[in-house]
Amino acid sequence: MGAPGPEPRSGPVAWISRGALAQNARDAAGRGIRSFAPSVLQADAWGHGEALVRDVLAGAGLAPAEPDDRALGGATLFGLPGGADGARPALRLTGTVLSVKALRRGEGVSYGYAFRAESDTRVALVTGGYAQGIVRALGNAARVLVGEGRHPIVGRVAMDVCVVDVGDAAVGRGDAVVFLGDAAHGEPGLEEWMRATNLTAAELVTAVGLRALREVVA
Amino acid sequence: MTARLHVDLGALARNIDRVRTVVAPAELMLVVKDDAYGHGLAPVVTAAARAGVRWFGAFDVHTGAAVRRTVGPDARVFSWIAASPDDIAVAVAERLDLGIGDAALLEEAAAVARDAGRPARVHLKIDSGLHRNGVRPEDWPAFAARAAQLVADAAIDVVGVWSHIAEASDDEDDLARAAYDLAVEQARAAGLTPEVRHLAASAASFARAEFRYDMVRVGAFCYGIRSAGGPAAAELGLEPVARLEADVVAVDGDGVTVGMGALEGLPSSLAGRASVGTPAGPRRLLALGERMRVEGWADAAPGDRVSVYGPGGDGEGTATDLAEVIGTIGEEIAVRVSPLVPRVYAGE
């Protein structure tokens, strides 16, 4: 084992969309691009899985770039901020609600009590922390999607979990939490993470893909 | 990419000895979550067991099961996250100690244990103020009473009561400890007989004797990672276990290029703000992208070793020194190091 158990899981999951990768590569080919930058294969294809990405690139008829080629780069291939218009994010990061409980006005959350509740609310303990690339600086600085609602990560992100202020939303143990999705569809995206962490999209997504449980989806 | 993480298992064993000496007679639980803070689970667990560690802290049950396979049946392995009944089944099958900080999870654990025909061994968690995992104080007496009933039904064994402090201030930690003491008292009043009380992690286990109880859960200090804003490792009698290093791959102008970059897990926000160790001592980290640019030195040559963080032999700072530059903690620097960076072991 050490392998992911059945859902819901005790660690966050990075869902890699073959469809998004293939579409991003095909769209580039449609713009006359015939090759890919070798750097897109670095670090297990920026955490997306080198074998999958090689397969997708070959399927789109793209070859490794020669030095002066106009080549497909990582931002477009992986659908990151700074990539071509219309490129879709290939990585989606979700966690699981482990428990939900009351938080009273004035009570602190997590190490150093860096968050204190301004009024009575409810908080969810969610799988995913800085060891899976949910950067510690995202505490009190980023929001996640639970059901239909966006809710803030409150207090310090811990190594393997974080706390989300869910207010009176209908959220319970086992529910899915979206850390990173498709910003074009109103889901949390990397832009917010980049602002909060002062890190690049490439390193953010790579750390997530290499450390979270990884699943390939169509 | 020329990076590798050099892990000194001798230093690990010395740190473990040091921690055990400081916290005695309390027991040490060595925390090995997240691939032993990036140092490598199996080598760390093996070395620690050889150094006499009897308790391991493993976060999730899958890591717990991996520890069990590495150390065999005698060690105690504590996991405190179970996301599903399947996770609990793994804990019961592998004879893990399971942390339970939620009434619904307690019922799940009891149901799975009944099916398995073997009681789940649990440590009940009081929320003493951190508001992550744990049962709130006002709900605790009923939770303890329910646990006592499940013990009578032979569905669970309650072997521990535990909590986790915020380390916001000594005063607030004292309040947490008072809440913890009350919870232990109420658990006993409910008829439970917890044999292992544990509250403190690294910092409090050293600084505050009254927080040690029967056992302390220590990860960072055993790896020689000091607290951000806290005393130096040497002052604590500890030494950094890991050294992250890479090779110079080109020398040009007034700098060198090093074969490691931000995709290997080193935060690019360190560029221009941190220094690294070289054969000529500390040099400024100029840029950090696909590779690293470092201020040069007189006879720099490809193949020279650059130490990004470590015990300091090349003039490098520690993981926590780097962390403080960008407002985080040494643990985050350690666990962000890519799993693709080879781990190289010494001192086995």
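Chain B has 12 helices and 16 strands, where helices (H or I, at least four residues) and strands (E, at least two) are DSSP runs numbered from the N terminus. Its radius of gyration, taken over C-alpha atoms, is 22 Å, close to the 20 Å of the globule rule for 348 residues, so chain B is as compact as a globular protein of that length. That rule is 2.2 Å times the number of residues to the power 0.38.

This is a predicted model, in which local features need pLDDT of at least 70, side-chain atom pairs count only at pLDDT 80 or more, and totals for chains, interfaces and linings use all residues. Residues are numbered from 1 along each chain as its sequence is written, and chains are lettered from A and ligands numbered from 1 in the order in which they are written.

On confidence: pLDDT is the predictor's confidence in each residue, from 0 to 100. Chain B has a mean of 96, with 100% of its residues at 70 or more. For the complex, the predictor gives an ipTM of 0.96 and a pTM of 0.96.

Along the principal axes, the C-alpha atoms of chain B fill a box of roughly 75 × 40 × 30 Å.

Now the contact between the chains. Two residues are in contact if their C-beta atoms, placed from the backbone, lie within 7 Å. Chain A puts in 47 residues and chain B 42. On the side of chain A that touches chain B, the elements giving two or more residues include α2 (42–46), β8 (121–127) and α6 (201–211) of chain A.
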